[in-house]
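Take the structure one packing element at a time. Begin with a pair of helices, then turn to the sheets.

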Amino acid sequence: MSSNGFQNSGYSNERPPSSTGSGEADLATDPASSSFFANDFKKHEDLKQMLDGNKDTVKLEAMKRIIGMVAKGKDASDLFPAVVKNVVSKNLEIKKLVYVYLTRYAEEQQDLALLSVSTFQRALKDPNQLIRASALRVLSSIRVPMIAPIMMLAIKEAVMDMSPYVRKTVAHAIPKLYSLDPEQKDQLIEIIEKLLGDKTTLVIGSAIQAFEEVCPERIDLIHKNYRKMCNLLVDVEEWGQVVLINMLTRYCRSQFASPNQDENAEEADRPFYEDSDEKGDDSPEKDEEEEKKKVYVMDPDHRLLLRQVKPLLNSRNAAVVMAVAQLYHHCAPKSEVGLVARSMIRLLRGHKEVQYVVLSNIATMSIKRKGMFEPYLKSFYVRSNDPTHVKLLKLEILTNLATETNISTILRELQTYVTSSDNEFAAATIQAIGRCASSIKEVTDTCLNGLVHLMSNRDETVVAESVVVIKKLLQMQPSEHKEIIIHMAKMIDKITVPMARASILWLIGEYSERVPKIAPDVLRKMAKTFISEEDIVKLQILNLAAKLCVTNTKQTVCKLLCQYVFNLAKYDQNYDIRDRSRFLRQLIFPGDKGGELSKKAKKIFLSTKPAPVLESTFKDRDAYQLGTLSHVLNCRATGYQELPEWPQTPPDPSVRNVEVTMPWTDSKPLKSKKAQKKKSFYSDSESSPEDDSDKSSEDSSDSSDDSDSSEDSSSESESEVEDSDLEAPDSDSEEDKPKIKSAQKKSKVASPVKSVSSSGEESSEEASSSEEESSSEESSDEKEKLKRKPPPKVKEKSSTKKASKESEPNLLLDLDDLGPSTMQNGGTPTVQGNDILTPMLASEMDNLGLGDATVTTNMQMAPPVQVKTKSYELLNRMSGNGLALSYKFTRTISIFSPKMASIELSFVNNSDKPLKEIHIGDKKLQSGMEMQDFPEIANLGPGASTTVLTAVNFNDTTQPAKFELVVSEQKFNLSISAPVGELLVPHTMNEKGFLTQQAKLSGMNENTGTAKIAESNISPSGIYTCVMEVANVLQVPSSEENVYRFAAKTLSLGCLTLVSVKVLESQAKVTVNCEKMVIGSMLVKDIKGALEKGK
């Protein structure tokens, strides 16, 4: 019995089966020898033996049971020595579980954990990213100041890790190290700055959290990354989105002008009388000042933030929706705040805890923005199963939303709430009725009559609350409601709630002149029960007696009653009542001497008192930021950061401009005309004017850092220039015409494509600048001739449809003309020329077994697609002292190694001095990466340009290849980054093999996404072009309608990568199957972006 007693009282360790699940018998059956008293008993002995064994399966089973104990909240700290020994296990599963355990108990078992620090340091270089991250997590969990330098070294090393998961763990470790050793703040800020510049959405949320905890005042770290954060916000994990939005809210309030400043200024400057400002209106200076005040243009970065957070209102996470709602409330124009109402109402279907937080925020917002939630009035009706705290909040919101138009509906709803069995809710309902009556004068009398009827209710709580509310309402207009005061005086014997009795006595004393016969009788009754009354009632009895003596000086009965009450109060236990009686006695009965105060006693007691203002309890909560703990508690919580006020003059917006454009974005390639001509596939007649238009459009797009807007503007400018070139090269007025007209005119003109000989290209490469100008003039003449030449009748359709493809001047064929219907006849369209970026489907037909004899009517094939070669800026001519350097991926097999990506470097000397000895210096490459040097360029004259080939083995990662470029003894630190699509090489497959491999690469190896296809990409050719522009893949024939398949392998490791796009109306489901999960997820994102972006 004793052992059971100990077990029930919490000492359950004497029975191994109960804690570890082993089948050992009890150590003793005698109560005196139970395990509680046994010193030699060893807890969890079986688990320790399993961990000390040699078999990995046994160790794995033991670790699973231990982690299960930890998950159930049982103490497993005594197993720490046995577990920590297995941190060196070669079994990956065991090692993961060991690190999970160590993360939990490293802080408690600091001494033992310190013995394994060297093991954790070695694990930081483990090939597996999960082990590296777990080792860093355990290391940061050891709360010993002595190892702070070791933690700092580990963090500095891990922040450069190629795995985003490890870098995310670094961000989590930074606040731990900061709390352990605040003196490391400066070094930690440098690490945070690196993490804030990370391009991975997995890292950015954790980096912002570290920023908020370590250095929230360093707003300068956000400037350069602001636009990137806004654009990546949708793809960040949910909890990272919450932290990021809250930070951006404060950033917005400190860096931009108030979007509602015009309305505030108008209200502040509005004259009291309409004609008070008639004089002086004619002065021009005043008109100019008014114009300056009224003009407000929202900062593009401010608009970018509001536009990017808007889709998150549909998030499944309530915290994300609330974060967006508070951002709109604090930072958006008043006209746009209403967008969040529907999403907040949707959250009311969630758990009661979520409802409470959402309703608290709605209650605050509804005070200033009634019209915002008025359409959703029924959503705030109280349900019978709502908890009390939710009922009270809904009641508060209903009262805030009450207007003259909906007050009748709300009062009918409140009438049913009064009868609720929940006394607290019923009392709150009566208070709500009182607030409605005080705020809307039209229903004051109706509400008063209803409250008087409630005084006959059986429930004392309802009656008492009705009396209190009536007392407040009567103070507003007492002269009109004498009958109510008489009625309440008659009920003084029935009402027992102290607050209600005190309210009735106050009313009778305050307005005793209106009930001169009833007031003395009430005092007589109260004097009888004075001793048994509550303190609050006794104080009001004393006040009533004093007021009656002052008003009825001729009646001796009142004076006698008053003296009697004062005598009773003189010996009361409460010192407040004793002090009140002494004070009133001297004021009412001054004695022979007489005091100055006694002469003014009537003014003191019966002075006009201001009517109480019935306000919402949420009125002052707007001082706190919505969605914070301080707002819910209505008091400042620890760690709360004040929301900054809008600046009078916003800071310089240029601090958010990023000078150095990252290689993976569409940047302006700095090329000369010669370089442009050399890389063009077409004749001079087409390349020169179109290339100039491309260059001008890219110059205009480079001025904006918003990638979406820059791409749109560049594509529009390209299309306008092309239209002007095709229609009237000598006319300038054509540029101002709308695009629609230019497209219609262009549809009437066909520009047949002619190939050019290689000798022409070579001559154009070696030509001087003067020869280039002459060649460009000749090309324009040739183009005019080509334009005037009548087009073949067969190609009328293609030329008509080509108007919609203005932004694709490099397409050889009109792809819209070559759909599935063309391929059904078994004909394969041919290509003039052979570009290095053209996936050669036609030449691979034999390998696929899909020749003319085998092509069926249901087999979809793509026409050959010409993909525009993207060029990335590597060195700006300003930072390169006149040397401009750009690079592009040729998508050809490298001559150095098939595992390397072939890269063409273009050098342009824009200075007036020759550049000598250009070569690659030191390389700082990640492990597994390789880079091939290009031959040294001995001399590059002023205005000259040249191209060289190099190659980089990126080891199937998107990590940049960093190296030094040495130019005439000057060194420039450069880095080449590969878009994920350039890490692939086309792979030949048939449909059956594709489906077989896709089934094998399912689960964790499969990434999917849904995109809304732009109108210009809705055709099959548009789909093919979008995918092949993003990735170096090869099309796989598909027998399914509206399903497009592509195959490739990674360059370095040869991992199979399968891409499929399934089109349903205007939506496309993109699926990528690849062993490299990072490549798969990034490829899905890039293809989605290409499909959604219009031409």
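Angles under 35 degrees count as roughly parallel, over 145 as roughly antiparallel, 65 to 115 as roughly perpendicular, and the rest as oblique. This is a predicted model: local features need pLDDT of at least 70, side-chain atom pairs count only at pLDDT 80 or more, and totals for chains, interfaces and linings use all residues. Residues are numbered from 1 along each chain as its sequence is written, and side-chain values use heavy atoms, with hydrogens and water left out.

Start with helix α4 (residues 56–71) and helix α6 (residues 92–105). Their axes lie 9 Å apart and pack at an angle of about 30 degrees. The two helices are therefore roughly parallel to each other. Axes here are lines fitted to C-alpha atoms, for helices over the stretch in contact, and angles run from 0 to 180 degrees between N-to-C directions. Helices (H or I, at least four residues) and strands (E, at least two) are DSSP runs, numbered from the N terminus.

Now look at the contact, meaning heavy atoms within 4.5 Å. From α4 come Asp56, Lys59, Leu60, Met63, Lys64, Ile66, Ile67 and Val70. They meet Glu93, Ile94, Leu97, Val98, Val100, Tyr101, Arg104 and Tyr105 in α6. Of the residues in this contact, 11 are nonpolar, none is polar and five are charged. Nonpolar covers Ala, Val, Leu, Ile, Met, Phe, Trp, Tyr, Cys and Pro; charged covers Asp, Glu, Lys and Arg; the others, Gly among them, are polar.

Two of the α6 residues need a second look. Tyr101 and Tyr105 are four residues apart in helix α6, so about one helical turn separates them.

Next, the sheets. Two strands pair if DSSP finds at least two bridges between them. Five strands form an open antiparallel sheet in the order β1-β2-β3-β7-β5. At its edges stand β1 (872–875) and β5 (930–932), each with a single partner strand, so one side of each has no neighbour in the sheet. Neighbouring strands of this sheet are turned by 30 degrees against each other on average, direction ignored. Within it, eight bridges join β3 (residues 901–909) to the antiparallel β7 (residues 945–953). Val908 has Ser945 in β7 as its bridge partner.

Another open sheet has four strands, paired antiparallel in the order β6-β4-β8-β9. Its edge strands, β6 (937–940) and β9 (970–976), each pair on one side only. The twist averages 35 degrees from one strand to the next. Four bridges join β4 (residues 915–924) to β8 (residues 961–967), and these strands run antiparallel. Lys923 stands opposite Phe963 in β8.
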